Amino acid sequence: MRIPETEILHFQDPDLAARLFGPQNAFLHHLGRRCGAEIDSRGSELLITHEDEVIRGRLMHVFTQFYGMIRDGYEFRESDLEQGFDMLEEDPNADLRRTFRGGVNLQLPKKNIMGRNIAQRTYLEALRSHEITFAVGPAGTGKTYLAVAMALSMLLGRRVRRIVLTRPAVEAGERLGFLPGDLAEKVNPYLRPLYDALLEMLGPQKMSSLQETGAIEVAPLAFMRGRTLNDAFVILDEAQNTTREQMKMFLTRLGFGSRAVITGDITQIDLPGTINGDPESRSGLIHALDVLSRVEGIAFQHFTASDVVRHPLVGRIVQAYDRHEA
């Protein structure tokens, strides 16, 4: 049995080191549990204790590279450490700076949007280069937010003429006809996450202007039948709650010059009924992932709990539920 040894890293800027370590060294302790090492701090020094020299070196490499990126203005997140460690495990010579700082940069009226982790950067590349993209994963991974950002970028860049937002209205267990108001008011509660993203990226005036001219359209999924959408960027959100028939109907609405993004979380299916006793069998999203997996020209991006970019605790909550259900 080898005796654990300790490596010490010295960081010049205590404030930058504190950002790297996390509140009360939370980031250090989380990564330490992940790789079986004892990681702690002493002022702006980092202490890494492990019996394996290779793992100690990999950890030193991770912290050194991210410290340099934070110093250069990178918006660092706890999940970056674990993803960087995994990358170096696969390729000891991986350039984390190039991977984490590269990718698509969308310049929108109110803010610039970039992927915050590897999965998000891969997703943005897929949105830019494919006409149909499926994004599947838990809440908080940016599936819908980044789709809206890419849609706005293409609309403002005149690559499409309109954005169509749609979502199945099954969560409340009601038909749209029984809800108060006109068509938009009936669907608004279901599309609130999409509206929130639009408002943050555009501001209220620009958003109202685009809605008034029809450049941004709200279309309930049930009302998409019979339409052909040309020169549009179409986002189907919460697609796990579509039926097989609805999904096929939606995918065949695309016309020339259009793109579609289908987002969903297959662990959050609210559809009533089953097929052959299987509650997931009715989901059009699960069915489409199987049927279309080998169709050329369609991109599939799968997110996991480690890709959650909300509060770090959200990712750990998702992982805890996954372990319990498994």
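Mentor: Helices here are DSSP runs of H or I with at least four residues, and strands are E runs of at least two, numbered from the N terminus. This is a predicted model, where local features need pLDDT of at least 70, side-chain atom pairs count only at pLDDT 80 or more, and totals for chains, interfaces and linings use all residues. Residues are numbered from 1 along each chain as its sequence is written, and side-chain values use heavy atoms, with hydrogens and water left out.

Trainee: OK, where does Tyr 145 sit?

Mentor: In helix α7.

Trainee: Which residues is Tyr 145 in contact with, leaving aside neighbours within four places in sequence?

Mentor: Lys 111, Ile 113, Ala 197, Glu 200 and Met 201, where contact means heavy atoms within 4.5 Å. Also, the C-alpha atoms of Tyr 145 and Leu 194 are separated by 7.4 Å, though these residues are 49 apart along the chain.

Trainee: Switching topic, at what angle do α1 and α2 pack?

Mentor: About 45°, with the axes of α1 (residues 14-21) and α2 (residues 26-35) 6 Å apart. Axes are lines fitted to C-alpha atoms, for helices over the stretch in contact, and angles run from 0 to 180 degrees between N-to-C directions.

Trainee: Who makes that contact?

Mentor: Arg 19, Leu 20 and Phe 21 from α1, with Ala 26, Phe 27 and Leu 28 from α2.
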